[in-house]
Amino acid sequence: MKMLRCALSLLACLLLTHCGSAPVRKPVQGDSFSSAELGQSAANRIANLAMRDNLASLQTLLDKLYRRNPSQWQKSGAASREAAIAQVMTAIRNNSQLPALGQVRSTAALTTAFDPQFSGDRAGTLIFGLGSMLLDVYGGRTELYLVHGLDAQQLANAAYNVEVASWLLGRRQNADGSPLLLANEINSQQRNLSFEREMGKIMARLELLAELSDEKLRRSAIDFGQSLVAGPFLQFLPVSAVSSAIPAAP
C-alpha cells in the first residue's frame with residue numbers, strides 16, 4: 001500500500017509538471033554564446049536581435065513579392081529568384097549599393113519603388129529601400145556594441161516609413177487600375193494578409209526600440225541607484241563559526 005501511495009504521488013507530480021508547462025508550437029531558441037557579446041550591453045543585445053529579425057522579415061517579404069510578381073526578379077538581371085533575393089539582401093547587409101539603383105537608397109529607394117514611371121525591379125527596390133533605411137538608423141551596421149547607441153526619433157520615423165510603405169503596397173496602382181505589386185489580397189476565394197502582418201512585425205520592433213531608447217538615460221540612473229541600494233545586501237555570509245572568525249583580506 002505504501003508503495004502504491006508513493007507511485008500515485010510521483011504520477012501526480014509528473015502530471016502537475018506537465019500541465020504547468022507551456023504548450024510548444026513555436027520553439028524559442030536563443031543564439032549560441034559569442035565572445036562579441038562581452039562588448040554589448042543588454043540594450044545592444046535587444047537592438048541586435050531586432051535587427052536580425054527585421055532582416056529576416058525583409059527577406060521573407062522579398063521572397064513573397066517575387067513569388068507573386070515573378071516579372072520583378074526577372075528585371076533584376078539575376079539568373080533566378082533565389083539569386084535575386086541574395087543580391088538584394090547582400091547589398092543591405094553589407095550596407096552597399098544595389099547596382100541597378102546607383103546611389104539611390106533608403107527613403108529615396110522607397111519613393112522610386114512606388115513611382116508609376118519606374119520600369120525596374122520594384123520588389124527588390126522596395127525591400128532594399130527598407131533595409132538600407134534600417135542600416136542608416138543603426139549607423140551603417142547590423143550589430144551594436146557598447147560605444148554605439150540609437151536615436152529614438154530616428155527609430156520612430158523608420159517605423160512610420162514602414163507603415164507608409166505597407167499602405168502604399170496595398171493601394172498604389174498602375175494607370176489601368178492594376179496593382180503596382182501584387183501583395184495582400186482579399187476576395188471571395190482567399191484572404192491573404194501575410195504581407196501586412198510581416199510589415200507589422202517590423203513596425204512593432206522599431207516602435208519598441210524607440211521607446212527603450214527614449215528612456216535609456218533614466219534607466220541608467222535607476223540601474224545605478226539599484227546597484228547602490230542592493231550593494232550592502234550582496235555580502236558573503238559565514239557558514240560556520242570558524243569561517244566567521246577569519247578576518248577579511250585587506
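Q: What are patches made of, and which residues form the negative surface patch in this predicted model?
A: Patches are made of residues with over 30% relative accessible area and no salt bridge, like charges being joined within 9 Å. In this predicted model, Glu163, Glu207, Glu211 and Asp214 form a negative surface patch.

Q: Which helix gives the most to the negative patch?
A: Helix H8, residues 194-214, gives the most, with three residues. Glu207 has its place in helix H8.

Q: Is Glu207 buried, partly exposed or exposed?
A: Partly exposed covers the range between buried, under 20% relative accessible area, and exposed, over 50%. Glu207 has a relative accessible area of 41%, so this residue is partly exposed.

Q: How many residues apart in sequence are Leu49 and Arg205, and what is the distance between them in space?
A: The two separations are read side by side. Leu49 and Arg205 lie 156 residues apart in sequence, and their C-alpha atoms are 9.6 Å apart in space. Leu49 belongs to helix H2, residues 42-68, and counts as partly exposed because its relative accessibility is 27%.

Q: Where are Asn95 and Ser106 found, and are they buried or partly exposed?
A: Asn95 is found in the loop between helix H4 (81-93) and helix H5 (106-113); at 30% relative accessibility, Asn95 counts as partly exposed. Ser106 is found in helix H5 and, at 11% relative accessibility, counts as buried.

How values were computed:
Residues are numbered from 1 along each chain as its sequence is written. This is a predicted model: local features need pLDDT of at least 70, side-chain atom pairs count only at pLDDT 80 or more; totals for chains, interfaces and linings use all residues. Side-chain values use heavy atoms; hydrogens and water are left out. Patches are made of residues with over 30% relative accessible area and no salt bridge: like charges are joined within 9 Å, nonpolar side chains (Val, Leu, Ile, Met, Phe, Trp, Tyr) within 5 Å. Accessible areas come from the Shrake-Rupley method with a 1.4 Å probe; for residues, only the protein chains shown count as cover. A salt bridge is a side-chain nitrogen of Lys or Arg within 4 Å of a carboxyl oxygen of Asp or Glu. Lys and Arg count as positive and Asp and Glu as negative; His and the chain ends are not counted. The place of a charge is taken as NZ of Lys, CZ of Arg, CG of Asp or CD of Glu. Helices (H or I, at least four residues) and strands (E, at least two) are DSSP runs, numbered from the N terminus. Buried means under 20% relative accessible area, exposed over 50%, partly exposed in between (1.4 Å probe, protein chains only).
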